[in-house]
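Visitor: I would like to learn how to read a protein model. Could you take me through some features one at a time, with the general idea before the case?

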Amino acid sequence: MPQPKPSMIRNPDAYPSGDQKIEWARAHMPLVGEIERRFAEEKPFLGKRISMCLHLEAKTARLALAIQAGGAEVAIAGSNPLSTQDDIAAALARRGVRVYAWHGATPEEYRSHLEAVLDWEPEGVIDDGADLATMLHRERPEQAARIRGGCEETTTGILRLRAMAREGVLRYPMLAVNDAQCKHLFDNRYGTGQSVWDGFMRTTNLMIAGKTVVVVGYGWCGKGVAMRARGLGAQVVVCEVDPIRAVEAVMEGFRVMPIREAAEVGDIFIAVTGNKAVISRDAMERMKDGAILGNAGHFDVEVDKEALSDLAVEVRTARPNVDEYRLADGRRLYLIAEGRLVNLAAGDGHPVEVMDMTFALQALGLREVMTKSYPPGLHAIPAHMDEEVARMRLATWGVEIDELTEAQKRYLASWNA
């Protein structure tokens, strides 16, 4: 195997504050802590190289250290140039993880970090948005064929992997962590719902109450964003292309309308679709003065930034992480965090406890795919693993539930009871 490159981080001396953040996460992530304890005994990854591409902050650090405890050599790159926290990178590097990331990486630097984590010749991967998968399959197909397997974190990544699997080009097995119930029901809904508004409020210092919030996309993440906006006192408008989701939004009490109409009434726009240009030039041309645009999707494509720049006659920094675009008619539109993930580029990401469940699934999923024989393709997380994580969560709360009797099980399993 090739020798790994040294870590590529901004400031190795920043580790003390990174250690503090990691220890705070440790105290509030009992599921990952229990899995780390099991892994330390079982060593399921002994002698294996695992490469990760995730938002590089404290919760991710706990996952990396749990995998390391399982005997793996771990390398990690950030999955977003603005979500990497340099003190976390330093603290992980000090603990023996190879880290290739820094905050504010240029596109060229970001690419070099992904290349470095793959130059390490990993046998397993944990991906976020399928960045490693796309680089492997586009540029390193022979290396892709040597990957034993991995896990994917996000809706966007699953969409890309599903397309690859449909075309028959996915060369190794990937477990679709995002599709697990203990991921999308809680992480996508409650995690995104809270963290989007945390990032928005700490960045803008503005109220949500009394404003009209337009949520573009009513998947599980959009449901969470809309739910929490209403809880903060906003009037909520939902824009959708899926008629079933639109019906659901109406029956939840939200107004539903096309983005062209919503553009004229919205004060705050949050895109959360996984698709590009859902906040389009046409919508921007209709927005009121002072409208604020944010993105909660994985890539910075949901707000049409090219159109926004083309419409603007002047662009300036209104406050850190907020850019003001002044249009020819004097209207001002504000873009948060360059249109990148508002909850991570302008905040600390999802709450620690919800990521405890998601990263428990990631860790268990990685052990599953690395220790069992799966064919190339996209696979569901086993149902028993989903249930195990839910039971672990309930146990940390001291919550007990009922169990079916044998007679009840027989009744449910029979058509002729």
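This is a predicted model: local features need pLDDT of at least 70, side-chain atom pairs count only at pLDDT 80 or more; totals for chains, interfaces and linings use all residues.

Visitor: Which residues touch the most other members in the largest nonpolar core?

Guide: A nonpolar core is a set of buried Ala, Val, Leu, Ile, Met, Phe, Trp, Tyr and Cys residues joined through side-chain atoms within 4.5 Å, where buried means under 20% relative accessible area, exposed means over 50%, and partly exposed lies in between (1.4 Å probe, protein chains only). Here the largest nonpolar core has 54 residues, and Met52, Ile67, Leu92 and Leu366 are the ones that touch the most other members. Among the elements that each supply at least two residues of this core are helix H1 (15–27), helix H2 (30–42), strand E1 (49–54), helix H16 (352–371) and helix H17 (383–397); such helices (H or I, at least four residues) and strands (E, at least two) are DSSP runs, numbered from the N terminus. H16 gives the most to this core, with twelve residues.

Visitor: What is methionine 52 in contact with, leaving aside its neighbours within four places in sequence?

Guide: Contact means heavy atoms within 4.5 Å. By that rule, and leaving aside neighbours within four places in sequence, methionine 52 is in contact with Leu63, Ala64, Ile67, Val74, Ala75, Ile76, Ala77, Val117, Ile126 and Leu132. There is also a second, separate core of 29 residues, and Val196, Ala229, Ala234 and Val342 are included in that core.

Visitor: How do H9 and H10 pack?

Guide: Two packed helices are described by the angle between their axes and the distance between the axes. The axes are lines fitted to C-alpha atoms, for helices over the stretch in contact, and the angles run from 0 to 180 degrees between N-to-C directions. Helix H9 (residues 181–204) and helix H10 (residues 220–231) pack at an angle of about 45°, with their axes 7 Å apart. H9 and H10 are therefore oblique to each other, given that angles under 35 degrees count as roughly parallel, over 145 as roughly antiparallel, 65 to 115 as roughly perpendicular and the rest as oblique. H9 passes H10 in a right-handed crossing; a crossing is left-handed if the near helix is turned anticlockwise from the far one by less than a right angle, and right-handed if clockwise.

Visitor: How do H9 and H16 pack, and what is the handedness of their crossing?

Guide: H9 and H16 pack at an angle of about 150°, with axes 9 Å apart, and are therefore roughly antiparallel to each other. Their crossing is left-handed. Cys182, Lys183, Phe186, Asp187 and Gly191 of H9 make the contact with Val354, Met355, Met357, Thr358 and Leu361 of H16.

Visitor: Is aspartate 187 buried or exposed?

Guide: Aspartate 187, whose place is in helix H9, is buried, with a relative accessible area of 2%. Not counting residues up to four places away in sequence, aspartate 187 touches Glu153, Thr192, His350, Val354, Met355 and Thr358.

Visitor: What is phi in lysine 43, and what is phi in alanine 277?

Guide: Most residues other than glycine have a negative phi, and most peptide bonds are trans. Phi of lysine 43 is near 50°, a positive value in a residue other than glycine; this lysine 43 is in the loop between H2 and E1 and counts as partly exposed, at 36% relative accessibility. Alanine 277, although not a glycine, has a positive phi of about 55°. Alanine 277 lies in the loop between strand E10 (268–271) and helix H13 (281–284), and is partly exposed, with a relative accessible area of 30%.

Visitor: How many residues apart in sequence are leucine 378 and arginine 171?

Guide: Leucine 378 and arginine 171 are 207 residues apart in sequence and 10.0 Å apart in space, C-alpha to C-alpha. Leucine 378 is in strand E15 (residues 377–380) and counts as partly exposed at 24% relative accessibility.

Terms used:
Residues are numbered from 1 along each chain as its sequence is written. Side-chain values use heavy atoms; hydrogens and water are left out.
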